[in-house]
Amino acid sequence: MKNTHDVHVVLDQIRNNFQPALVADESAIAAEIENNDHHKTGVILKILSVAGGVLASIAFIGFLALANLFESETAIAVLGFLSFAASIFLISIVDKLFVTTVIVSFYIMGYVLIGAGLGFQNVDTVIICILFVALALISLLLTQNWIFAFISVLVINGSIIGIILSGNHNNINLYVPFAVIVFLLITLNEAMIVTAHRKLSKLYEPLRLGTLISLLAGLALTGVRDLITLDYRLVSITAIVSIAAMFFLAFRLFRVLEIEKPSTKALVICLGILFLIPTIMSPAIPGSLLIILVCFYVNYKPGLIIGIISLVFFISRYYYDLNLTLLSKSLILMLSGVIFLLCYFVTVKKLERHEEV
């Protein structure tokens, strides 16, 4: 809807289906649409703004270090709190993308300086992470800015991972299933979340993307060998949760794609099990496959692209980490290719038969 006339036409169509007639404030609706269009910016541009804020923060912190302003740990922490508070205040009164990038740099710098100041005073890592979670939650409550919300979600999840890594690294195998469940709940219940409250409708997109990135971070920690020390006998827990979630989603897709024949369903399930069993010790692969499946189901294109890229990376990493000879690795790749080709031909045959009917 590009103008007031379009709003009027749509509301007239709705009124024709309501008895009594629907009452709506057309001018307010048109103003809200215009306001949304004004603030609508691509995800890539927003991510670049975050990257710009990070680089600006690094440059400013480097300047402070060169100017010998890091001699007082307390002053560093105080400057961090002031930077955080100033960014929250400024973002509530300024809404220009260029200025927002500058404010984002102060927001990120606030976390860095607070962490550095408290770290230099030997404050426990867990306490710092809990403080970061509290600050990020305050930011989410006080602002509805896309970039701030995205960073806040990353800070919350990053702090949770930090708390886990400060203790037993194997507990990361509990975080990833938790992140999988949260991502599924957020992605599959979009309509319910955005209609629950106006604030949630503005925060939904950065919340979903931030949860997706956090899930990938957890998958990388469990799926890339030697990144952290893990008991790989426990890693299978994470893979099993992702595989179970994929089969849950597969049954939903059967209904959407109108696949009703038990033989077809059984074939898909058997092929899925055959392909996924070898990945049981590399949960990053079924995790990235789950991301692709979920994003395809809800038609979330940025997530679909991220999922495909992550799948290629994790499969390559899995191949690299295999403690096998080059010949054995080549045979595994050939077998995987044959399985994919079989899946392709079976899918094409089923689609052609469906079109003929």
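**A buried tyrosine and its surroundings**

Tyr-111 is buried, with a relative accessible area of 7%; buried here means under 20% relative accessible area, exposed over 50%, and partly exposed in between (1.4 Å probe, protein chains only). The model is a predicted one, so local features need pLDDT of at least 70 and side-chain atom pairs count only at pLDDT 80 or more, while totals for chains, interfaces and linings use all residues. Residues are numbered from 1 along each chain as its sequence is written, and side-chain values use heavy atoms, with hydrogens and water left out.

As for the overall picture, the chain comes to 15 helices and 0 strands. Helices (H or I, at least four residues) and strands (E, at least two) are DSSP runs, numbered from the N terminus. Of the 357 residues in the chain, buried ones make up 38%. Contact means heavy atoms within 4.5 Å, and among contacts between residues at least 6 apart in sequence, 70% join residues at least 24 apart.

Back to the rings. Rings of Phe, Tyr and Trp (its six-membered ring) pair if their centres lie within 6.5 Å; planes under 30 degrees apart count as stacked, over 60 as edge-to-face and the rest as tilted. By this rule there are 7 aromatic pairs. One of them is Phe-84 with Tyr-111, an edge-to-face pair at 5.7 Å centre to centre with 75° between the planes. This pair links distant parts of the chain, with Phe-84 in helix H4 (residues 73-91) and Tyr-111 in helix H5 (residues 97-120), 27 residues apart. Phe-84 and Tyr-111 are both buried. Tyr-111 also pairs edge-to-face with Phe-132, at 5.4 Å centre to centre and 85° between the planes. Here too distant parts of the chain are linked: Tyr-111 belongs to H5 and Phe-132 to helix H6 (residues 125-142), 21 residues apart. Phe-132 counts as buried at 15% relative accessibility. Ring pairs tie Phe-84, Tyr-107, Tyr-111, Phe-132 and Phe-148 into a cluster.

Ile-128, Cys-129, Phe-132, Val-133, Leu-135, Ala-136, Ser-139 and Leu-140 of H6 are buried. They cover an arc of only 170° around the axis, which puts them on the same side of H6 (the arc is that of the directions from the helix axis to the C-beta atoms). Over on the other side, Ile-127, Ile-130, Leu-141 and Leu-142 are exposed.

Gly-218, in helix H10 (residues 198-223), counts as buried at 0% relative accessibility. Gly-218 and Ile-161 are 57 residues apart in sequence, yet 7.8 Å apart in space, C-alpha to C-alpha. Leaving aside neighbours within four places in sequence, Gly-218 is in contact with Tyr-175 and Val-176.

Ser-288, in helix H13 (residues 284-298), likewise counts as buried, at 0% relative accessibility. With neighbours within four places in sequence left aside, Ser-288 is in contact with Leu-219, Gly-307, Ser-310, Leu-311 and Phe-314.
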